[in-house]
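Please look through the sequence and the structure shown here before reading the short report that follows.

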Amino acid sequence: MQQFIDAAPGIRLWTEQRGPVDAPPLLLVMGAQATGVGWPEPLVDALAAHHRVIRYDHRDTGRSTWSFEEQPYRIADLATDVIAVLDGLGIGRAHLVGMSLGGMLAQMVLADHPDRCLSATLIGTSALSTTPYTRPDGRTVPAGELPGIAPEVLELWSRPVEDHGPAAEVERRIEHWRVLAGDQLPFDAEYFRALEHRVIAHTGHHRTSTAHGRAEHDGMLRTEQLATNEVPTLVICAPTEPVFPPPHPHHIAQCVRGARLVEIPGMGHALSPAVQGPLATAILAHTGAATG
């Protein structure tokens, strides 16, 4: 079932629900510039066997309002959209699953609205905390000195996105996914080609917004709140992650009180077919334990 939610004046967000309406709600929060249909269909179906699964388009993605040029916003406003989606659908509490930027938004909700969270799962992201990372040998590393984004990713992101038509744009995105997926698992170009064709069909055009990269990032740290967290939290560790490489997941698990860490072998910063089954299993084990 698809539905539009009024999140703020002039802002409408596309949502989709799947699974039993009386099952525990689970909200999927995607990363920067990514639409809700970026969540793989097999993963959504696996989660929907046990949950009322909701996915949605951020502002300036998919079928939601593209507003940044006339109505600039902060990244923190995207976190308020998470609550707006829950409110608009009449959901009091939900399991949150956040990917990349979505994992940061989930942390903000976890810190600011713990009463709205049944659990949280954080994937491919970094801690919104200044707490130093403690290495296995006991030495500490300042949060700002943890490994950064891989050079090949930065090189891709530095290229201007030129419009050479839909076919060329799909190939550009496949190259992007190839780098993000890491080098431990075979890369399935046809899977990502089909995904991007679905994204373009869903959006209605092949343009890519840069709004989330230009939005102000101030006011995102939640060091103290995460350190006193009481919401069951799972951190997914992707060993070939090129955007927030290890030990970022271990750092999150140290910053978020009570967080558990689960590694998905071979996983990078992409929800490739080979990782979808293990990821669904990890999420469902976590949400099942959280709801008793």
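Which residue in β2 does glutamine 2 stand opposite? Glutamine 2 stands opposite glutamate 16.

## About the model

This is a predicted model, in which local features need pLDDT of at least 70 and side-chain atom pairs count only at pLDDT 80 or more, while totals for chains, interfaces and linings use all residues. Residues are numbered from 1 along each chain as its sequence is written, and side-chain values use heavy atoms, with hydrogens and water left out.

## The hairpin

Strand β1 (residues 2-8) pairs with strand β2 (residues 11-18) in the antiparallel sense over 6 bridges; strands are DSSP runs of E with at least two residues, helices are runs of H or I with at least four, and both are numbered from the N terminus, while pairing requires that DSSP finds at least two bridges between two strands. The hairpin has 2 residues between the strands, and glycine 10 takes a positive phi near 80° there.

## Glutamine 107

Glutamine 107 belongs to helix α3, which spans residues 101-112. Glutamine 107 counts as buried because its relative accessibility is 0%, where buried means under 20% relative accessible area, exposed over 50% and partly exposed in between, with a 1.4 Å probe and protein chains only.

The side chain of glutamine 107 reaches the backbone oxygen of serine 126 at 2.8 Å. Leaving aside neighbours within four places in sequence, glutamine 107 is in contact (heavy atoms within 4.5 Å) with residues including Leu122, Ser126 and Leu226.

Methods. A polar contact is a pair of N or O atoms within 3.5 Å; within protein, one must be able to donate a hydrogen and the other to accept it, and residues adjacent in sequence count only if both atoms are side-chain atoms.
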